[in-house]
Amino acid sequence: TKAGLAGLGVAMLVNWGWAQSLAYAPWVPLQSAPSRDYDIRFGELFFDLEAAISLEYNTNITASEENEISDFIISPGISAGGSWAYSDFNTLRFGIGLKYRYYLNNPELGSSGSVFDLTPETEIDTIILIGEAYIRLFDRVTYSTDATDSIGVDAETGELIFNSTDYGILTNTLGAQISYDLNFLQTSAQIYRRDAISFEDDFDFLDYVEYSISGTVSRRIFSTLTAGVGGGVSTLDYESTIKGDIDSLNFGVFSSAVLTPFISLYGGVNWGFSEVSAVPGVAASRDSDSFSYNITVSHTLNAFFDHSLGFTSVRRLGSVSDFVETKTIRYDWNLEEWLFVDLSGYVAWEQGDEEGGALPESFDRFSVSVQASYDVGPRSELLGRVSFVDKDSNRDLRSYRRSVFWLEYSYDF
């Protein structure tokens, strides 16, 4: 299935079409990589191979307020995946995808940290079924080259670096998830270790190791109403002494309801408490607490059109700050088979505030995106996307505008 078994406990509660906005709490189970259509078979082994090439025009590659750099970017890429049912109840899956970026007018932008991309399906996992229990063991690798909200620190002088073209952070998450249905109760648990590694000295201070354990318990009160609680603890240790280590405790409640055959509602709130260790000569130890939430209503108009409206508040790690709390209003829509083309898009407004650190920032950001996909043939697809972002910051050199025009052709062997 599209969501695989990654939903575990939460998949019993909500439509995973809302999954992008559900990560308002650390105890929300991590998703698995998107499933693939395997079309090469050797016995019980199934494989898939896909190649793609894209052309992008970016009006502000470094998200700069001044001296904007625009360029055309060519990105060839390849991805592969496999599945092996090594017993009647257990499956091993893997996927990996790699893209290379070449800047036509500014090839120097292709630094060692930002020239490659890992695609979202880069993951290996195995599903084990034991009675009524679903167990998933996984190792997920992601790679980010988007330095939009990141500030570097010069490894030699200690000066802040804005709009870096050398940003590249690899994140590896190794963990296990389990879901068990007790008929009247649905339970899930998750444990993982996450390592973040920078490929450039100016961002080494962002390297960390995180351990997290969390779980949820829910009950179907009526056929159309489910409610539950979730909680967890985590510890995060930075490799450098520029940022303080963080120990966190989280607890929350959530509920999903089917209001009509065409309208669904999800609501959840989380309370988080964090203790940030002292940074010698920079900051004393400090405590921090916050509330995050997600309220999303989804409506299916007919077999071709569905949309959703979400209100979220999410707290995440900052760059030179401890945390960034972002409140978002986002409208998503999806239209299938319109003149042989599938269309989708979103409109979002964000309001963000940073906490702690040497340069706390407050900002507003508006973004809009429209994507179209067209099946050129049984095995080939053409994708196009147009997006625009406008950020207004209270800090110098942190506001920007950026438009992106992107076109990709892919072939599934």
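Two strands pair if DSSP finds at least two bridges between them. Strands themselves are DSSP runs (E, at least two residues), numbered from the N terminus. Keep both handy for these exercises.

This is a predicted model, where local features need pLDDT of at least 70, side-chain atom pairs count only at pLDDT 80 or more, and totals for chains, interfaces and linings use all residues. Residues are numbered from 1 along each chain as its sequence is written, and side-chain values use heavy atoms, with hydrogens and water left out.

**Exercise 1. Work out which strands pair with strand 2, and over how many bridges.**

Step 1: Start with strand 1 (residues 40-42). It pairs with strand 2 (residues 45-58) in the antiparallel sense over three bridges. Here Ile-40 sits opposite Phe-47 of strand 2.

Step 2: Look at the turn. The hairpin of strand 1 and strand 2 has two residues between the strands, and Gly-43 takes a positive phi near 65°.

Step 3: Go on to strand 3 (residues 71-84). This strand runs antiparallel to strand 2, joined by 14 bridges. One example: Asn-58 has Asp-71 in strand 3 as its bridge partner.

Step 4: Now jump to strand 23 (residues 400-412). Nine bridges tie it to strand 2, again antiparallel, and Leu-55 is partnered by Leu-407 in strand 23.

**Exercise 2. Describe how the rings of Tyr-57 and Phe-72 are arranged.**

Step 1: Know the rule. Rings of Phe, Tyr and Trp (its six-membered ring) pair if their centres lie within 6.5 Å; planes under 30 degrees apart count as stacked, over 60 as edge-to-face and the rest as tilted.

Step 2: Apply it. The structure holds ten aromatic pairs. One of them, Tyr-57 with Phe-72, is tilted, at 4.7 Å centre to centre and 45° between the planes.

Step 3: Tyr-57 belongs to strand 2 and Phe-72 to strand 3, so the pair links parts of the chain 15 residues apart.

**Exercise 3. Say which strand gives the most to the lining of the largest cavity.**

Step 1: A cavity is a set of points on a 1 Å grid over the protein atoms alone where a 1.4 Å probe fits but cannot get out, and lining residues have an atom within 4 Å of a point.

Step 2: Count. There's one cavity of 30 Å³ or more, and the largest holds about 40 Å³ of space.

Step 3: Compare strands. Strand 13 (208-222) and strand 14 (225-238) each supply at least two lining residues, but strand 14 gives the most, with four.

Definitions and conventions. On a 1 Å grid over the protein atoms alone, a cavity is a set of points where a 1.4 Å probe fits but cannot get out, and a pocket is an open set with protein on both sides within 12 Å along at least five of seven lines; lining residues have an atom within 4 Å of a point. Grid points are joined across faces, edges and corners, and a volume is the space filled by probe spheres set on the points.
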